[in-house]
Amino acid sequence: MKKITRRSFLAVCGAAAAAAALTACGGSASSTAASSAAASTASSAAASTASGSLSGNVATGGSTSMKNVIAALTEGFAEVEPGVTVSYDPTGSGAGITGATDKTLDIGLSSRALKDDEKNDVDGTVIALDGIAIIVNKASKVEDLTVDQLKQMFTGEITNWSEVGGDDGEIVLIGREAGSGTRDGFESIVDVKDSCKYAQELTATGAVISAVEANPLAIGYASLSAVGETVKMVTVGGVACSEETVKDGSYEVQRPFVFVTNKSVTLSEQAQAFFDFATSADAADLIRTAGAVPVNE
């Protein structure tokens with residue numbers, strides 16, 4: 001694997017942060033965090049550069065929660081193989097898995113683990129972990145919730161904030177649309193599959209964050225990598241959602257970021273090169289810069 005010089009890595013991380021600011025759901029706060037993380041980790045990248053020899057396109061698509069990670073990986077890979085274009089279509093995890101299955105995508109992107117029936121046609125490779133942050137309005141007095149309280153809130157058993165330490169007011173549940181990897185991950189972990197009483201079901205992580213920001217009575221969930229300063233993350237069972245707690249498993253509400261590939265298809269040379277880059281230790285700092293937790297270091 002060709003590596004990136006310190007100077008190139010700085011440029012890559014800066015570009016990745018800029019791309020995240022333009023496309024990510026977390027807004028300027030996540031961009032600032034990404035820039036800071038890039039500056040602090042750039043010194044660890046070293047080795048020689050070499051001009052890439054590949055060309056063509058790599059078609060990826062699926063999870064909207066993986067937007068920041070794919071932006072960072074794409075920028076980093078461009079330093080190694082500038083002749084290759086990596087396209088990304090943010091259509092949701094279900095569509096990403098379907099795209100890999102029906103061969104319309106080289107690499108599908110899923111922010112949930114593959115189900116048993118899906119494994120017949122495709123393979124899943126975990127490239128990172130992501131905490132699903134529980135978010136409330138910044139005006140909320142609630143600081144901590146248990147998984148059991150979340151279950152009761154999202155199924156309508158608990159309907160007032162005063163029942164969980166907040167001010168009197170009806171709880172407004174904000175969630176993602178059916179087929180979303182974030183929704184599937186949250187509902188599976190909290191054990192509320194197909195039983196949530198959502199007031200709104202929104203089609204993107206950023207829309208959920210904006211809805212919670214705008215409503216003092218709202219609660220929702222979003223990828224840790226997308227949450228900025230406009231909302232408040234509550235602890236779950238006394239544990240904050242962070243890279244450290246996701247990696248050590250102490251934060252309960254977490255899920256994998258997965259590359260999905262078709263079992264019956266050999267990846268093109270350029271797609272294999274991108275896959276190898278994204279799953280290598282060389283990509284760890286880029287993944288971290290994007291707000292997720294790398295698994296290969």
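**View A. Serine 111 in the loop between β3 and β4.** Serine 111 sits in the loop that joins β3 (107–110) to β4, where helices (H or I, at least four residues) and strands (E, at least two) are DSSP runs numbered from the N terminus. With a relative accessibility of 1%, serine 111 counts as buried, a term that stands for under 20% relative accessible area, as against over 50% for exposed and partly exposed in between (1.4 Å probe, protein chains only). Apart from its neighbours within four places in sequence, serine 111 is in contact with Ser63, Ser65, Met66, Ser93, Gly181, Thr182, Arg255, Pro256 and Phe257, contact meaning heavy atoms within 4.5 Å. This is a predicted model, in which local features need pLDDT of at least 70 and side-chain atom pairs count only at pLDDT 80 or more, while totals for chains, interfaces and linings use all residues. Residues are numbered from 1 along each chain as its sequence is written, and side-chain values use heavy atoms, with hydrogens and water left out.

**View B. Isoleucine 107 in strand β3.** Isoleucine 107 belongs to strand β3 and is buried, its relative accessible area being 0%. The C-alpha atoms of isoleucine 107 and threonine 261 are 5.3 Å apart, although 154 residues separate the two along the chain. Beyond its neighbours within four places in sequence, isoleucine 107 is in contact with residues that include Val58, Ala59, Thr60 and Gly61, and also with Phe259, Val260, Thr261, Ala271, Phe274 and Phe275.

View C. The structure holds nine aromatic pairs, in which rings of Phe, Tyr and Trp (its six-membered ring) have centres within 6.5 Å, with planes under 30 degrees apart counted as stacked, over 60 as edge-to-face and the rest as tilted. One of them is the edge-to-face pair of phenylalanine 77 and phenylalanine 274, with 5.3 Å centre to centre and 70 degrees between the planes. This pair links distant parts of the chain, since phenylalanine 77 lies in helix α3 (residues 67–80) and phenylalanine 274 in helix α9 (residues 269–278), 197 residues apart; both residues are buried. Phenylalanine 77 also forms a tilted pair with phenylalanine 277, at 5.7 Å centre to centre and 50 degrees between the planes. Because phenylalanine 277 is in helix α9 and phenylalanine 77 in helix α3, the pair ties together parts that are 200 residues apart in sequence, and both of its members are buried. Ring pairs join Phe77, Phe259, Phe274, Phe275 and Phe277 into a cluster.

**View D. The crossing of helices α5 and α6.** The axes of helix α5 (residues 147–154) and helix α6 (residues 181–190) come within 9 Å and cross at roughly 115 degrees, the axes being lines fitted to C-alpha atoms over the stretch in contact and the angles running from 0 to 180 degrees between N-to-C directions. The two helices, α5 and α6, are therefore roughly perpendicular to each other, a label for 65 to 115 degrees, whereas under 35 counts as roughly parallel, over 145 as roughly antiparallel and the rest as oblique. Val147, Leu150, Lys151 and Phe154 of α5 make the contact with Phe186, Ile189 and Val190 of α6. The buried residues of α5 are Val147, Leu150, Gln152, Met153 and Phe154, and their cover includes β4 (122–136), β5 (144–145), β6 (172–176), α6, β8 (218–223) and β10 (235–236). Just after α5, glycine 156 adopts a positive phi of about 90 degrees.
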